[in-house]
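Colleague: I've got a protein on my screen and a few things I'd like to ask about it. Could you walk me through the model?

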Amino acid sequence: MNALENELLVSPRCYVLDNRIAINDYVALDLSKSNQSLEDVDVSSSERLGNFINAHIARHNAKVACGGYLETRGIYERSNYFNNTDPYDERNIHLGLDLWIQAETPIFTPLDGIVHSYKNNTNYGDYGPTIILEHNLNDVKFYTLYGHLSLESLEGLTIGKIFEKGEQIATLGDASVNGDYAPHLHFQIINDLQDYQGDYPGVTSSRDIEFYRSNCPDPNLLLKINL
(Lines give C-alpha, C1' and ligand atoms only; values in the text may rest on other atoms or scores of the structure.)
Protein backbone atom coordinates (compact mmCIF):
# COMPACT_ATOMS: atom_id res chain seq x y z
CA MET A 1 0.00 0.00 0.00
CA ASN A 2 1.12 3.57 -0.68
CA ALA A 3 0.89 6.45 1.82
CA LEU A 4 -2.53 7.56 0.59
CA GLU A 5 -4.03 4.08 0.84
CA ASN A 6 -2.68 3.74 4.38
CA GLU A 7 -4.30 7.02 5.42
CA LEU A 8 -7.63 6.07 3.83
CA LEU A 9 -7.60 2.66 5.45
CA VAL A 10 -7.32 4.03 9.00
CA SER A 11 -9.63 7.02 8.48
CA PRO A 12 -13.15 7.00 9.96
CA ARG A 13 -16.04 6.16 7.66
CA CYS A 14 -16.92 9.12 5.44
CA TYR A 15 -19.99 10.00 3.38
CA VAL A 16 -20.76 11.42 -0.05
CA LEU A 17 -24.50 10.79 0.29
CA ASP A 18 -26.78 11.74 3.18
CA ASN A 19 -25.28 10.13 6.30
CA ARG A 20 -28.79 9.22 7.45
CA ILE A 21 -28.90 6.52 4.76
CA ALA A 22 -28.20 3.36 6.74
CA ILE A 23 -25.44 0.98 5.74
CA ASN A 24 -28.00 -1.77 5.05
CA ASP A 25 -29.78 0.54 2.59
CA TYR A 26 -26.85 0.06 0.16
CA VAL A 27 -26.77 -2.95 -2.15
CA ALA A 28 -23.86 -4.11 -4.30
CA LEU A 29 -24.38 -3.88 -8.06
CA ASP A 30 -22.44 -5.86 -10.67
CA LEU A 31 -22.31 -4.21 -14.11
CA SER A 32 -19.40 -6.27 -15.37
CA LYS A 33 -19.30 -8.06 -18.71
CA SER A 34 -19.38 -11.36 -16.83
CA ASN A 35 -22.77 -10.66 -15.21
CA GLN A 36 -25.13 -12.96 -17.11
CA SER A 37 -28.22 -11.11 -15.88
CA LEU A 38 -27.20 -8.22 -18.16
CA GLU A 39 -27.26 -10.35 -21.30
CA ASP A 40 -30.84 -9.36 -22.08
CA VAL A 41 -30.41 -5.71 -21.07
CA ASP A 42 -29.56 -3.05 -23.66
CA VAL A 43 -26.87 -1.34 -21.57
CA SER A 44 -26.43 1.29 -24.30
CA SER A 45 -29.83 2.70 -23.28
CA SER A 46 -29.75 4.87 -20.16
CA GLU A 47 -33.47 4.22 -19.65
CA ARG A 48 -33.23 0.43 -19.90
CA LEU A 49 -30.12 0.21 -17.77
CA GLY A 50 -31.81 2.51 -15.27
CA ASN A 51 -34.83 0.21 -15.15
CA PHE A 52 -32.53 -2.75 -14.47
CA ILE A 53 -30.76 -0.88 -11.67
CA ASN A 54 -33.98 0.40 -10.10
CA ALA A 55 -35.43 -3.12 -10.12
CA HIS A 56 -32.26 -4.40 -8.44
CA ILE A 57 -32.56 -1.74 -5.73
CA ALA A 58 -36.26 -2.50 -5.16
CA ARG A 59 -35.67 -6.25 -5.06
CA HIS A 60 -33.21 -5.80 -2.22
CA ASN A 61 -35.32 -3.19 -0.36
CA ALA A 62 -32.40 -0.79 -0.70
CA LYS A 63 -32.03 2.91 -1.48
CA VAL A 64 -28.65 2.96 -3.22
CA ALA A 65 -26.87 0.53 -5.55
CA CYS A 66 -23.10 0.80 -5.56
CA GLY A 67 -19.94 -0.79 -6.85
CA GLY A 68 -17.83 -0.88 -9.96
CA TYR A 69 -14.25 -0.29 -8.83
CA LEU A 70 -11.91 -2.03 -11.34
CA GLU A 71 -14.95 -3.58 -13.01
CA THR A 72 -14.63 -4.46 -16.72
CA ARG A 73 -17.82 -3.20 -18.34
CA GLY A 74 -19.54 -3.49 -21.69
CA ILE A 75 -21.45 -0.21 -21.34
CA TYR A 76 -18.57 1.84 -22.77
CA GLU A 77 -18.69 0.02 -26.11
CA ARG A 78 -21.51 2.35 -27.16
CA SER A 79 -19.22 5.41 -27.27
CA ASN A 80 -16.34 6.18 -29.62
CA TYR A 81 -14.85 8.20 -26.77
CA PHE A 82 -13.77 4.93 -25.11
CA ASN A 83 -13.22 2.65 -28.10
CA ASN A 84 -9.96 1.76 -29.83
CA THR A 85 -9.19 -0.75 -32.55
CA ASP A 86 -6.50 -2.36 -30.37
CA PRO A 87 -8.27 -4.39 -27.62
CA TYR A 88 -5.43 -3.64 -25.19
CA ASP A 89 -6.19 0.07 -25.58
CA GLU A 90 -9.98 -0.21 -25.21
CA ARG A 91 -10.98 1.75 -22.13
CA ASN A 92 -13.50 -0.43 -20.29
CA ILE A 93 -12.11 -0.86 -16.74
CA HIS A 94 -13.86 1.43 -14.28
CA LEU A 95 -11.69 3.37 -11.82
CA GLY A 96 -14.25 4.86 -9.45
CA LEU A 97 -17.10 3.77 -7.23
CA ASP A 98 -20.57 4.37 -8.63
CA LEU A 99 -23.50 5.15 -6.37
CA TRP A 100 -26.80 4.77 -8.24
CA ILE A 101 -29.66 6.85 -6.85
CA GLN A 102 -32.21 9.27 -8.26
CA ALA A 103 -31.38 12.60 -9.93
CA GLU A 104 -31.23 15.70 -7.71
CA THR A 105 -29.85 13.67 -4.80
CA PRO A 106 -27.55 15.92 -2.73
CA ILE A 107 -23.82 15.15 -2.77
CA PHE A 108 -21.53 15.97 0.15
CA THR A 109 -17.79 16.27 0.59
CA PRO A 110 -16.43 13.40 2.72
CA LEU A 111 -13.56 15.53 4.04
CA ASP A 112 -12.54 19.17 4.32
CA GLY A 113 -11.46 20.27 0.86
CA ILE A 114 -11.11 23.09 -1.63
CA VAL A 115 -12.30 23.28 -5.22
CA HIS A 116 -9.36 22.37 -7.43
CA SER A 117 -11.29 22.60 -10.72
CA TYR A 118 -14.63 21.92 -12.39
CA LYS A 119 -15.90 21.39 -15.92
CA ASN A 120 -18.81 20.15 -17.97
CA ASN A 121 -17.34 17.17 -19.85
CA THR A 122 -19.77 16.83 -22.72
CA ASN A 123 -18.43 13.87 -24.76
CA TYR A 124 -21.03 11.14 -25.25
CA GLY A 125 -20.63 8.76 -22.32
CA ASP A 126 -18.44 11.21 -20.39
CA TYR A 127 -18.93 12.67 -16.90
CA GLY A 128 -21.06 15.67 -17.76
CA PRO A 129 -20.73 18.27 -14.97
CA THR A 130 -17.73 17.39 -12.79
CA ILE A 131 -16.11 18.78 -9.64
CA ILE A 132 -12.63 17.94 -8.34
CA LEU A 133 -11.75 18.73 -4.72
CA GLU A 134 -8.27 18.84 -3.21
CA HIS A 135 -7.71 17.40 0.28
CA ASN A 136 -4.94 17.05 2.80
CA LEU A 137 -5.11 14.08 5.14
CA ASN A 138 -2.27 14.03 7.69
CA ASP A 139 0.00 15.85 5.19
CA VAL A 140 -0.96 13.51 2.33
CA LYS A 141 -2.42 15.58 -0.53
CA PHE A 142 -4.92 13.93 -2.86
CA TYR A 143 -8.05 14.64 -4.86
CA THR A 144 -11.64 13.43 -5.11
CA LEU A 145 -13.66 13.59 -8.32
CA TYR A 146 -17.46 13.82 -8.52
CA GLY A 147 -18.93 13.06 -11.94
CA HIS A 148 -22.44 13.01 -13.49
CA LEU A 149 -23.65 16.04 -11.55
CA SER A 150 -26.40 18.52 -12.41
CA LEU A 151 -25.61 21.67 -14.39
CA GLU A 152 -26.71 23.72 -11.38
CA SER A 153 -23.87 22.16 -9.36
CA LEU A 154 -21.34 24.23 -11.29
CA GLU A 155 -23.12 27.53 -10.78
CA GLY A 156 -21.33 29.88 -8.40
CA LEU A 157 -18.28 27.65 -8.02
CA THR A 158 -14.84 29.24 -7.84
CA ILE A 159 -11.38 27.72 -7.79
CA GLY A 160 -10.21 27.59 -4.19
CA LYS A 161 -13.70 27.64 -2.66
CA ILE A 162 -13.58 25.90 0.71
CA PHE A 163 -15.97 23.12 1.67
CA GLU A 164 -16.05 21.63 5.14
CA LYS A 165 -16.54 17.92 5.74
CA GLY A 166 -20.21 17.02 5.36
CA GLU A 167 -21.11 20.17 3.42
CA GLN A 168 -23.24 19.79 0.31
CA ILE A 169 -21.26 20.44 -2.86
CA ALA A 170 -23.62 19.33 -5.64
CA THR A 171 -26.69 17.41 -6.77
CA LEU A 172 -26.90 14.55 -9.25
CA GLY A 173 -27.86 15.14 -12.86
CA ASP A 174 -30.10 13.10 -15.12
CA ALA A 175 -29.39 11.45 -18.46
CA SER A 176 -29.93 14.69 -20.37
CA VAL A 177 -26.77 16.25 -18.87
CA ASN A 178 -24.71 13.46 -17.26
CA GLY A 179 -23.27 11.76 -20.35
CA ASP A 180 -26.47 9.77 -21.00
CA TYR A 181 -26.45 7.47 -17.99
CA ALA A 182 -29.02 6.48 -15.42
CA PRO A 183 -28.53 8.93 -12.51
CA HIS A 184 -25.54 8.10 -10.33
CA LEU A 185 -22.44 9.58 -8.75
CA HIS A 186 -19.04 8.56 -10.06
CA PHE A 187 -16.77 9.02 -7.03
CA GLN A 188 -13.04 8.61 -7.59
CA ILE A 189 -9.94 9.14 -5.47
CA ILE A 190 -6.81 10.36 -7.26
CA ASN A 191 -3.29 10.53 -5.88
CA ASP A 192 -1.56 12.47 -8.71
CA LEU A 193 -3.92 14.55 -10.84
CA GLN A 194 -1.29 14.94 -13.59
CA ASP A 195 -2.23 18.54 -14.48
CA TYR A 196 -5.82 17.68 -15.40
CA GLN A 197 -8.42 20.37 -14.85
CA GLY A 198 -12.04 19.43 -14.16
CA ASP A 199 -11.47 16.00 -15.62
CA TYR A 200 -9.47 12.80 -15.10
CA PRO A 201 -9.77 9.36 -16.69
CA GLY A 202 -12.46 7.35 -14.94
CA VAL A 203 -12.09 4.36 -17.22
CA THR A 204 -8.85 2.76 -18.38
CA SER A 205 -7.51 0.00 -20.60
CA SER A 206 -5.91 -3.27 -19.61
CA ARG A 207 -2.62 -1.86 -20.91
CA ASP A 208 -2.64 0.97 -18.34
CA ILE A 209 -4.43 -0.67 -15.44
CA GLU A 210 -1.42 -1.09 -13.15
CA PHE A 211 -0.65 2.64 -13.17
CA TYR A 212 -4.25 3.64 -12.52
CA ARG A 213 -4.78 0.96 -9.88
CA SER A 214 -1.98 2.61 -7.89
CA ASN A 215 -2.91 6.21 -8.67
CA CYS A 216 -6.65 5.74 -8.04
CA PRO A 217 -7.14 3.64 -4.90
CA ASP A 218 -10.44 2.01 -4.03
CA PRO A 219 -12.87 4.77 -2.93
CA ASN A 220 -14.43 2.31 -0.52
CA LEU A 221 -11.32 2.60 1.65
CA LEU A 222 -12.80 5.98 2.56
CA LEU A 223 -16.56 5.29 2.38
CA LYS A 224 -16.37 1.85 4.02
CA ILE A 225 -19.63 0.56 2.53
CA ASN A 226 -20.19 -3.15 3.03
CA LEU A 227 -20.18 -4.45 -0.56
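This is a predicted model: local features need pLDDT of at least 70, side-chain atom pairs count only at pLDDT 80 or more; totals for chains, interfaces and linings use all residues.

Colleague: Good. Of the contacts with a separation of 6 or more, what share comes from residues 24 or more positions apart?

Modeller: Take the contacts in the protein between residues separated by 6 or more positions. The share that joins residues 24 or more positions apart is 73%.

Colleague: How many helices and strands are there, and what radius of gyration goes with them?

Modeller: The protein has four helices and 12 strands. A compact globule of 227 residues would have a radius of gyration near 17 Å, and the value here agrees with that. The radius of gyration of the protein is 16 Å.

Colleague: What percentage of the residues count as buried?

Modeller: The cut-off for buried is under 20% relative accessible area. Out of the 227 residues, the part that counts as buried is 55%.

Colleague: And the charges: how far apart are the centres of the positive and negative sets?

Modeller: There are 16 positive side chains and 32 negative ones. The centres of those two sets are separated by 3 Å.

Colleague: Is cysteine 66 buried or exposed? And cysteine 216?

Modeller: Cysteine 66 has 0% relative accessibility, so it counts as buried. For cysteine 216 the relative accessibility is also 0%, and that makes it buried.

Colleague: Where does leucine 137 sit, and which residues does it touch?

Modeller: Leucine 137 belongs to strand 7, residues 128-137. Its relative accessibility is 15%, so leucine 137 counts as buried. Leaving out residues up to four places away, leucine 137 touches Glu7, Leu8 and Phe142.

Colleague: Which loop holds leucine 70, and what is its phi?

Modeller: Most residues other than glycine have a negative phi. Leucine 70 is in the loop between strand 2 (64-67) and strand 3 (93-94), and at 26% relative accessibility it is partly exposed. Leucine 70 is not a glycine, yet its phi is positive, about 60°.

Colleague: What about the phi of glutamine 194?

Modeller: Glutamine 194 lies in the loop between strand 11 (184-190) and strand 12 (203-204). With a relative accessible area of 33%, it is partly exposed. Glutamine 194 is not a glycine either, and its phi is positive at about 55°.

Colleague: Last one: which residues does tyrosine 76 contact?

Modeller: Tyrosine 76 lies in the loop between strand 2 and strand 3, and its 5% relative accessibility makes it buried. Its C-alpha atom is 9.9 Å from that of tyrosine 124, 48 residues apart along the chain. Setting aside neighbours within four places in sequence, tyrosine 76 is in contact with Phe82, Asn83, Arg91, Asn92, His94, Tyr181 and Val203.

Key
Residues are numbered from 1 along each chain as its sequence is written. Side-chain values use heavy atoms; hydrogens and water are left out. Helices (H or I, at least four residues) and strands (E, at least two) are DSSP runs, numbered from the N terminus. The radius of gyration is taken over C-alpha atoms; the globule rule is 2.2 Å times the number of residues to the power 0.38. Buried means under 20% relative accessible area, exposed over 50%, partly exposed in between (1.4 Å probe, protein chains only). Contact means heavy atoms within 4.5 Å. Lys and Arg count as positive and Asp and Glu as negative; His and the chain ends are not counted. The place of a charge is taken as NZ of Lys, CZ of Arg, CG of Asp or CD of Glu.
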